[in-house]
Amino acid sequence: MTTSTIALITGANKGIGLATARQLGARGWTVLVGARDAARGREAERALRDGGADARFVPLDVTDEESVAAAAKLVEQEYGHLDVLVNNAGIIRADGSALPSETTLATLREVYETNVFGVVAVTNALLPLLRRAPAARIVNVSSEVGSIAVMTDPQGALFELTSVPYPSSKAALNMVTAMYAKELRDTPIKVNAANPGYCATDLNHHSGFRTAEQGAEVSVHLATLPADGPSGLLWGFQMDAGGGYGVLPW
């Protein structure tokens, strides 16, 4: 068993997840690189180690309950506890021109499997290990498109975006975050949703105006909150507020 600060990041083989692992690794933490693709996971592990981080690839497909259980067992056997869980894995899918009326249930189910159900599965599997840490942090990587207030503001930058699968999955994730925060409110564990902003990653074909490193700053901030830090918030990049970081409306 180890007394190091241990962080598990899902979907950590690229993009914001990899950048988050790099930034936490630079703090001297042990970063567990959760990835469903073994080759990419090991490649990320090597890249992080080459950069000086204590990194380890952990096979983890958040949509596969057996994979989730195996990852939790590995963490327990090797480390005995978990200080930080960053539920970073996420996908975007849409049908046709992405309008609600063109959405298929197959696409909706696929997005929810990763963005919502996967988060619940991973969190529940690892919560016993998070409870063993002195003051664990859970970070759910969400999006401003999951904020109903932001998406329905006629003056907002995102008002024209009209789609069901990804935005609704992030709205659901925001509620998931709020409910875990309520359950754990009398413990040292803090649970928050992160809004990295529109970052250039494979998720959006690198069309974002923020970098993956900038997006990772949000997750790292929430992963390293002090004892008097908040819980149960959507926090991060504020596009409609002219940039900068802060609390976003649900």
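## His-81 and its loop

His-81 sits in the loop between H3 and strand S4 (84-87). Helices (H or I, at least four residues) and strands (E, at least two) are DSSP runs, numbered from the N terminus. This is a predicted model, in which local features need pLDDT of at least 70 and side-chain atom pairs count only at pLDDT 80 or more, while totals for chains, interfaces and linings use all residues. Residues are numbered from 1 along each chain as its sequence is written, and side-chain values use heavy atoms, with hydrogens and water left out.

Is His-81 buried or exposed? His-81 is buried, at a relative accessible area of 10%. Buried means under 20% relative accessible area, exposed over 50%, and partly exposed in between (1.4 Å probe, protein chains only). The His-81 side chain makes a polar contact with the side chain of Asp-83, at 2.8 Å. It also reaches the backbone oxygen of Ser-4, at 3.3 Å. A polar contact is a pair of N or O atoms within 3.5 Å; within protein, one must be able to donate a hydrogen and the other to accept it, and residues adjacent in sequence count only if both atoms are side-chain atoms.

## The nonpolar cores

The largest nonpolar core has 31 residues. Such a core is a set of buried Ala, Val, Leu, Ile, Met, Phe, Trp, Tyr and Cys residues joined through side-chain atoms within 4.5 Å. Leu-82, Leu-126, Leu-130 and Ile-189 touch the most other members. Strand S1 (6-9), helix H3 (65-79), helix H4 (105-131) and helix H6 (165-183) each supply at least two residues of this core. H4 gives the most, with 7 residues. Another core lies apart from it, with 24 residues, including Ala-21, Ala-44, Val-84 and Ala-194.

Leu-126 is in contact (heavy atoms within 4.5 Å) with Leu-8, Ala-72, Leu-82 and Leu-85, leaving aside its neighbours within four places in sequence.

## Two helix pairs

H3 and H4 pack at an angle of about 20°, with their axes 9 Å apart. That makes H3 roughly parallel to H4. Axes are lines fitted to C-alpha atoms, for helices over the stretch in contact, and angles run from 0 to 180 degrees between N-to-C directions. Angles under 35 degrees count as roughly parallel, over 145 as roughly antiparallel, 65 to 115 as roughly perpendicular and the rest as oblique. Val-68, Ala-72, Val-75 and Glu-76 in H3 meet Ala-121, Val-122, Ala-125, Leu-126 and Leu-129 in H4.

The axes of helix H1 (residues 15-25) and helix H7 (residues 212-223) come within 8 Å and cross at roughly 60°. H1 and H7 are therefore oblique to each other. On the H1 side, the contact includes Gly-15, Ile-16 and Ala-19. On the H7 side, Ala-212, Glu-213 and Gly-215 are among the residues involved.

Thr-30 lies in strand S2 (residues 30-35). Thr-30 is buried, with a relative accessible area of 4%. Not counting residues up to four places away in sequence, Thr-30 touches Ser-4, Thr-5, Ile-6, Ala-7, Asp-54 and Tyr-79.

Ala-181 belongs to helix H6 and is buried at 8% relative accessible area. Ala-181 and Gly-232 are 51 residues apart in sequence, yet 5.0 Å apart in space, C-alpha to C-alpha. Ala-98 is in the loop between S4 and H4 and counts as buried at 19% relative accessibility. Its phi is near 80°, a positive value in a residue other than glycine. Most residues other than glycine have a negative phi.
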